[in-house]
Amino acid sequence: MKRPLSLIPRASRALPLRRPAAAAATAVARTRGSPARAYGSASAPPETRPRAPGCESALPAEPPAARARASPAPSWHVVQASLMSLVESRVRSGWWGSSSPLFLQFGESVGSELCRHLIRRCTGQGKHLHSVFVFIQMQRVGARPDSFTFAPVLKSVARLCLREMGRSVHAYAAKANLDGDVYVGTSLVNFYSGCSLIGDARKVFDGMGERNSVSWNALITGYAHNRKFTESLDLFREMQADGVEPTEVTMVGVLSACAHLGALGLGKWVHEYIDCHGLKLNEFLGTALVDMYAKCGAVTEMEKVFMAMRVKNVYTWNALISGFAMNGLGEAALQAFSRMVMENLKPDGVTFLGILCGCCHEGLVDEGKRYFRIMKEECGLRPGLEHYGCMVDLLGQAGLFSEALHLIQNMDLKPDPIIWRTLLGACRTHRNVPLGRYAARKLLELEPTNADNYVLLSNIYAQDSMWDEIAQLRAMMNQKAIAKVAGCSSIEIGNAVYEFIASDCLKREVRDLLDDIRKELKQVGYVANTGLALYDIEEEEKESSVAFHSEKIALAFGLMKSPPGSTLRIVKNLRVCQDCHVFFKLVSLVYKREISLRDRNQFHHFAGGSCSCRDHW
């Protein structure tokens, strides 16, 4: 029995049907002369149904209004899909800033709710240009954004660092009287902080009528990300005075500031607060604690926090490995790497950067070469400029200049200033003047106005008493108005951080104490290293010029203000010089103090007249 046409499955309708000849003849007779025969069915819509010749009057067309009433409106999901397709095509073609109101073609289907949903979806998926495009278009069709629309848009604008666009969104929110909303205000603080406009972020924060913990966290974290660490800690104290309870996010921002300032005392207080108030030691907070203790030179506490964490991710392991490396414990960093691999965690580029730094600080040349090869061949990771920089430093400090130069000339990436500056620093250590001149020439081609480059080359010349060359460098610096970066050091005493700049304009008590320290150290063999001082002044003046480096001033202040026997923790913005390094070793011996000095490159832990770096820095 033949099945009715309406019951035939959709997939089989496209297949040719073999029918008996009689049935086929009957079917042909039925359809002959029928206006629907071109479609195989009489159910075609009237406006598309072809008319037989002479039958136009018999089948009048429906009026447009009737057809519009008969057509159902497209569903919300259909409009959403169509909009996303349009947005994708416009952004892909680079025409995302079009001034045409492109959404008008969808009529009243496009409203504030749909646009808000699309913006949140695009931002959540990391499609930030799409989010901005939808926001621009929704204004051109008259759809009004609400407080929940501005937040994702501002996040996308911040990720794209579109400062002027962000200011326009801020003005639009103010015009709609929504800038006072806590949700919008917090998003504005995040935007300005993310675009390095921390002053504007503070203005928005101060103008907020209502603030919650998220608002405070946004500015505390913003200060930390913009390297305003002192301001971050000051704001944290304001938050406490205002009676707002800190959260885990708050503590992550505060610990980041403590880490960079070397404020171990405050960092320990934060750790105690976390324990006493039952804050969750999750991966983020635990990693921040590990990083803080590492950057404050408290390796034992760093390991304790790491072991106490129940869940550890690759970032936690990276913090531990880097912590060992920066504190001169290269072997411990390698052991931590082996444990990480045994935990079935895949190392990334940051992991190998910590490993290479550990090898570099401890002079482990063979191990450094092996892990550099493992990174490329076994883990399939492409080394970055920072990895090549570590290898150049490792080879250069070991005096393997031919290997270092071969690596630079055959690396996959174009050498940047850091690569050449690293080689120049190694040339200074080994007094390799010819290669130092070559590296300096390459370096000055890339960074002709960086004072550090001239200082490094000047130091190489000074070691060999090449005063004419030094005079030429100084003349070049004066001609280009290049000023040397001033040395700055900080020390924490009683949960307060004190900063000092290299100068001889000191308080009398600090100057007198430094004079007394030098006299005592001379009795055990200290001789000021004046080789890098100016060549056209007397020897006594040369000794004075190196006597008031910022780290020495911080050291004298610490000896004067701290309890006897306590550890002194100092942070410097530049590399510690040879004279200060010897000075600190002897102070640790004569005054029986442990001293932790963190310079721009690594930690130096002084105790009993020796340094953890083994004079390799």
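**A guided look around**

Guide: Let's begin with Ser490, which counts as buried at 7% relative accessibility; buried means under 20% relative accessible area, exposed over 50%, and partly exposed in between, using a 1.4 Å probe and protein chains only. Keep in mind that this is a predicted model, where local features need pLDDT of at least 70, side-chain atom pairs count only at pLDDT 80 or more, and totals for chains, interfaces and linings use all residues. Residues are numbered from 1 along each chain as its sequence is written, and side-chain values use heavy atoms, with hydrogens and water left out.

Visitor: Which strand does Ser490 lie in, and what does Ser490 touch?

Guide: Helices (H or I, at least four residues) and strands (E, at least two) are DSSP runs, numbered from the N terminus. Ser490 sits in strand 1, residues 488–493. Contact means heavy atoms within 4.5 Å. Not counting residues up to four places away in sequence, Ser490 touches Leu261, Val497, Tyr498, Glu499, Arg569, Ile570 and Val571.

Visitor: How many disulfides does a search of the whole structure find?

Guide: A disulfide is a pair of cysteine sulfur atoms within 2.5 Å. Searching the whole structure turns up 0 of them. Take Cys258: its nearest cysteine sulfur belongs to Cys296, 7.0 Å away. Cys258 is buried, at a relative accessible area of 0%. For Cys613, the nearest cysteine sulfur is that of Cys611, at 3.4 Å, and Cys613 is in no disulfide. Cys613 is buried too, with a relative accessible area of 3%.

Visitor: At what angle do helix 6 and helix 7 pack?

Guide: Axes are lines fitted to C-alpha atoms, for helices over the stretch in contact, and angles run from 0 to 180 degrees between N-to-C directions. Helix 6 (residues 128–140) and helix 7 (residues 147–160) pack at about 130°, their axes 9 Å apart. Under 35 degrees counts as roughly parallel, over 145 as roughly antiparallel, 65 to 115 as roughly perpendicular and the rest as oblique. Helix 6 and helix 7 are therefore oblique to each other. Among the residues that meet are Phe135 and Met138 in helix 6, and Val153 and Leu160 in helix 7.

Visitor: Where is Asn432 found?

Guide: Look in the loop between helix 23 (417–430) and helix 24 (433–446). Leaving aside neighbours within four places in sequence, Asn432 is in contact with Phe401 and Cys427. The C-alpha atoms of Asn432 and Gly399 are 9.4 Å apart, although 33 residues separate the two along the chain.
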